[in-house]
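Q: Please take a close look at one part of this structure. I would like to see how it sits among its surroundings.

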Amino acid sequence: MFLTPGDLEALWLTARLAACVTLILLVLGTPIAWWLARSEGWWKGPTTAVVALPLVLPPSVLGFYLLLAMGPQGVVGQFTQALGITALPFTFWGLVVASVCYSLPFMVQPLQAAFESLGERPLEVAATLRASPLDAFFSVAVPLARPGFITAMVLTFAHTVGEFGVVLMIGGNLPGVTRVASVQIYDHVEALDYLQAHRLAAVMLLFSFFVLLALYTRRRPQKIRGVT
Amino acid sequence: MSGIQAKFQLNWPGFSLDVDLALPARGITALFGPSGSGKTTLLRCIAGLEKTAQGRLLVDGEVWQDNTRCVPVHQRPLGYVFQEASLFAHLTVLGNLRYGTRRVADKGSVALDSAIELLGIKTLLDRLPDKLSGGERQRVAIARALALSPRLLLMDEPLAALDYPRKQEIMPYLQQLHRALDIPVLYVSHAADEVARLADYLVVIDNGRVRAQGSLAETLTRLDFPLPLGDDVGTILDATVGDIDVAWHLARVDFPGGSLWTPDPALPVGCAVRVRVLARDVSLATMPPEQSSIQNVLCGRVDAIADDAHPGLLLVRIQAGPSQLLARITRRAAATLHINIGQTVWMQVKTVALMA
């Protein structure tokens with residue numbers, strides 16, 4: 001067997017985590033991106049900075065704060081306890097919450113760029129054709145910004161697959177629960193099992209390369225076409 | 001109260017709009033003025049696209065905007081044609097046309113079919129917008145607005161983004177529209193030629209203010225506020241083809257107060273035409289001229305004289321029956337010939353442009 005059952009379990013967990021995070025961020029990130037792309041207020045700058053923070057922060061810093069927030073004494077922890085949910089750290093869903101924070105800019109930034117390049121005009125046209133703002137968003141902005149959605153989803157998925165530091169801080173290393181592929185590789189190296197580390201690392205390397213290859217060599221550069 | 005009453009104020013850094021207009025309930029009203037004069041902004045106010053505009057808008061007695069309410073754009077029964085065709089790139093021509101019709105309460109497809117017919121786009125329905133020429137795109141955009149059966153059609157320089165041949169391609173459709181439509185149309189333009197061909201009513205806008213308004217012929221011949229038209233200063237006469245001289249390939253067009261000969265436009269006798277006579281093509285004589293290559297001679301009475309843009313030139317308005325024409329002559333010629341108000345003069349008209 002090329003990969004051990006533990007490796008396969010870690011890969012499957014990684015895929016589930018990345019899929020969950022991508023879907024959740026699609027729902028959360030789209031309105032944030034829309035709002036950032038179309039507002040002019042003074043808070044646009046601070047919000048953009050907060051959204052971009054995970055790009056520059058060491059994952060351990062982010063993980064540390066999230067651990068505190070989600071712990072029994074933290075704001076999120078108090079809230080989840082009030083809802084009758086046990087503490088999130090060291091659970092799959094704790095990992096999902098942390099990854100959503102960690103991958104937020106990878107969803108928001110491409111979407112924001114797509115919405116910005118769309119401009120105001122298509123929505124004005126839609127309004128003069130009797131579409132309400134919500135209707136215009138789904139019938140015009142979303143289809144026209146499709147390349148942006150594809151980029152954002154692929155990057156978010158791939159970035160979540162690649163995370164390590166936040167996972168260690170929040171999730172630890174529980175097989176089948178929080179032990180994702182990157183942690184599994186770390187374990188193999190720790191155990192000096194270089195062969196197994198090589199195999200899993202190669203899978204990750206090829207996956208990442210082909211995802212990016214697919215993203216950057218689509219038929220033709222997908223420009224955002226607004227209205228012509 | 002039928003027609004459109006529009007009163008708007010808008011203050012932006014470096015620009016303000018302050019207009020109060022009463023516009024006719026049918027026919028094409030041209031909002032005419034130089035670039036940056038605020039005519040497009042006014043059109044956007046009427047559509048409801050300028051969120052910060054304060055004012056009052058009544059269309060056919062129905063309040064679209066006043067101090068207490070503002071009907072959102074998507075609930076106004078209007079059609080809007082933008083300067084660039086602005087077709088949705090992800091939809092075919094038919095998809096673009098039906099985007100609006102699917103959303104109007106009245107699902108009748110009569111308007112859609114007749115819009116397709118009127119703009120001649122039947123063969124384009126399955127194409128995507130980026131496979132269309134600029135002229136075709138703009139025709140689709142006009143059809144898309146018409147398919148909604150709007151109660152008011154707003155057109156923002158629909159020809160400005162097109163080159164000359166494309167303009168010529170679309171003009172007949174617009175003229176056809178002019179004859180077929182029974183709703184008010186507001187047509188923003190800075191091109192005197194388009195206005196002369198299409199408009200019935202003219203609103204001149206400059207620097208965010210209304211400088212003049214009235215019927216086209218009336219406004220064009222106003223001398224208290226000469227329009228900044230340069231060589232395009234002239235008159236529009238609504239005429240009919242009265243006779244055709246087959247041997248000489250000429251047609252006579254009759255208007256109230258006279259008639260003019262023009263190269264035969266291949267139109268039948270009785271056909272309504274719009275004739276444009278530019279002031280620079282009209283010369284004056286105090287006696288009936290003889291032996292001239294200019295055979296269009298009209299007799300009239302000098303009604304008004306005004307300074308032209310150049311200090312050496314004058315604009316003279318001549319009343320011929322109920323019609324008025326303008327002549328651009330030099331100040332010296334006026335002095336030599338003793339041209340005064342009330343005097344009978346003969347106008348030699350060098351060129352007559354048929355606009356229909």
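This is a predicted model: local features need pLDDT of at least 70, side-chain atom pairs count only at pLDDT 80 or more; totals for chains, interfaces and linings use all residues.

A: Residues are numbered from 1 along each chain as its sequence is written, while chains are lettered from A and ligands numbered from 1 in the order in which they are written.

Take strand 14 of chain B, residues 272-278. Strands here are DSSP E runs of at least two residues, and helices are H or I runs of at least four, numbered from the N terminus. Six of the seven residues of strand 14 are buried, so the rest of the structure largely encloses this strand. Buried means 20 or more other C-beta atoms within 10 Å of the residue's own, exposed means 12 or fewer, and partly exposed lies in between; C-beta atoms are placed from the backbone.

Now the neighbours. Two strands pair if DSSP finds at least two bridges between them. Strand 11 (residues 234-245) runs antiparallel to strand 14, joined by seven bridges. B:Thr240 has B:Ala272 as its bridge partner. Strand 20 (residues 353-354) also pairs antiparallel with strand 14, over two bridges. There, B:Arg276 is partnered by B:Ala353.

The open sheet has five strands, ordered 13-12-11-14-20, with antiparallel pairing. Strands 13 (258-263) and 20 are the edges; each has a single partner strand, so one side of each lacks a neighbour in the sheet. Further along, five bridges link strand 11 to strand 12 (residues 250-255), again antiparallel. B:Asp243 stands opposite B:Arg252.

Chain B as a whole has eight helices and 20 strands. Of its 356 residues, 41% count as buried.
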